[in-house]
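Here is a short report for a first look. Keep the sequence and the model in view while reading.

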Amino acid sequence: MDNPLAILITLVIAGAWAAYLLPSIFVSRRNAPLQSTQEFNRITARLASVHGHAVENTALARMRVLSRRRKFLAGLALAAVTTLALAIWQGSSILLIAHIIIDALGAWYVAMLLQIKQRRLAPAVVDLRPVEETTEERHLRIVSSSSS
């Protein structure tokens with residue numbers, strides 16, 4: 001495919017297909033049940049904030065926290081790749097040290113996220129110590145009948 005005209009025609013056809021197919025994909029995703037539920041939660045929270053009521057929506061708050069964590073982790077990964085590429089390209093030891101620091105920060109952040117997840121998934125602690133009776137000691141009477 002050394003012909004520039006063939007490459008241009010291929011790109012035009014691909015662009016036409018994308019212009020035709022991509023809007024229908026985005027519209028179908030926007031009308032998905034999960035998206036409409038999330039939109040309802042956002043509208044409810046917005047209306048409650050206008051009226052001065054606080055809406056306790058733990059699912060929405062959790063989604064925001066997870067989104068923030070994902071963005072921060074993606075930023076760390078991008079920074080690590082960028083500093084490594086620049087360190088190799090420039091031959092700079094300072095950028096290599098920056099890359100190592102960013103890698104260490106990323107490892108610490110992943111370890112922290114795993115610890116949070118482990119704590120959240122841990123079963124509830126059940127106290128197995130015997131209950132002390134404070135009012136009176138209970139007695140057990142065994143009643144038996146002898147049949148002789």
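## Ground rules

Contact here means heavy atoms within 4.5 Å. This is a predicted model, in which local features need pLDDT of at least 70, side-chain atom pairs count only at pLDDT 80 or more, and totals for chains, interfaces and linings use all residues. Residues are numbered from 1 along each chain as its sequence is written, and side-chain values use heavy atoms, with hydrogens and water left out.

## The chain as a whole

The chain has 4 helices and 0 strands. Helices (H or I, at least four residues) and strands (E, at least two) are DSSP runs, numbered from the N terminus. In order from the N terminus, the elements read α-α-α-α.

Of the 148 residues, 7% count as buried. Buried means under 20% relative accessible area, exposed means over 50%, and partly exposed lies in between (1.4 Å probe, protein chains only). Take the contacts between residues at least 6 apart in sequence: 36% of them join residues at least 24 apart.

## H3 against H4

Helix H3 covers residues 58–90. Helix H4 covers residues 93–121. Their axes come within 8 Å and cross at roughly 155 degrees. Axes are lines fitted to C-alpha atoms, for helices over the stretch in contact, and angles run from 0 to 180 degrees between N-to-C directions. The crossing angle therefore makes H3 roughly antiparallel to H4. Angles under 35 degrees count as roughly parallel, over 145 as roughly antiparallel, 65 to 115 as roughly perpendicular, and the rest as oblique.

Which residues make the contact? On H3 they include Phe 72, Leu 76, Ala 80 and Thr 83, and on H4 they include Leu 95, His 99, Ile 102 and Tyr 109. By class, the contact has 16 nonpolar, 3 polar and 4 charged residues. Ala, Val, Leu, Ile, Met, Phe, Trp, Tyr, Cys and Pro count as nonpolar, Asp, Glu, Lys and Arg as charged, and the others, Gly among them, as polar.

Thr 83 belongs to H3. Is Thr 83 buried or exposed? Thr 83 counts as buried because its relative accessibility is 12%. Leaving out residues up to four places away in sequence, Thr 83 touches Leu 95, His 99 and Ile 102.

His 99 sits in H4. His 99 counts as buried, at 10% relative accessibility. With the four-place neighbours again left out, His 99 touches Ala 80, Thr 83 and Leu 84.

The backbone oxygen of Ala 80 lies 2.9 Å from a polar side-chain atom of His 99. That backbone oxygen also lies 3.1 Å from a polar side-chain atom of Thr 83.

## A residue of H2

Gln 38 is found in helix H2, residues 33–51. Gln 38 is buried, with a relative accessible area of 15%. Gln 38 and Ala 59 are 21 residues apart along the chain, and their C-alpha atoms are separated by 9.5 Å.

How values were computed
Polar contact = N/O pair within 3.5 Å; in protein donor to acceptor, adjacent residues only side chain to side chain.
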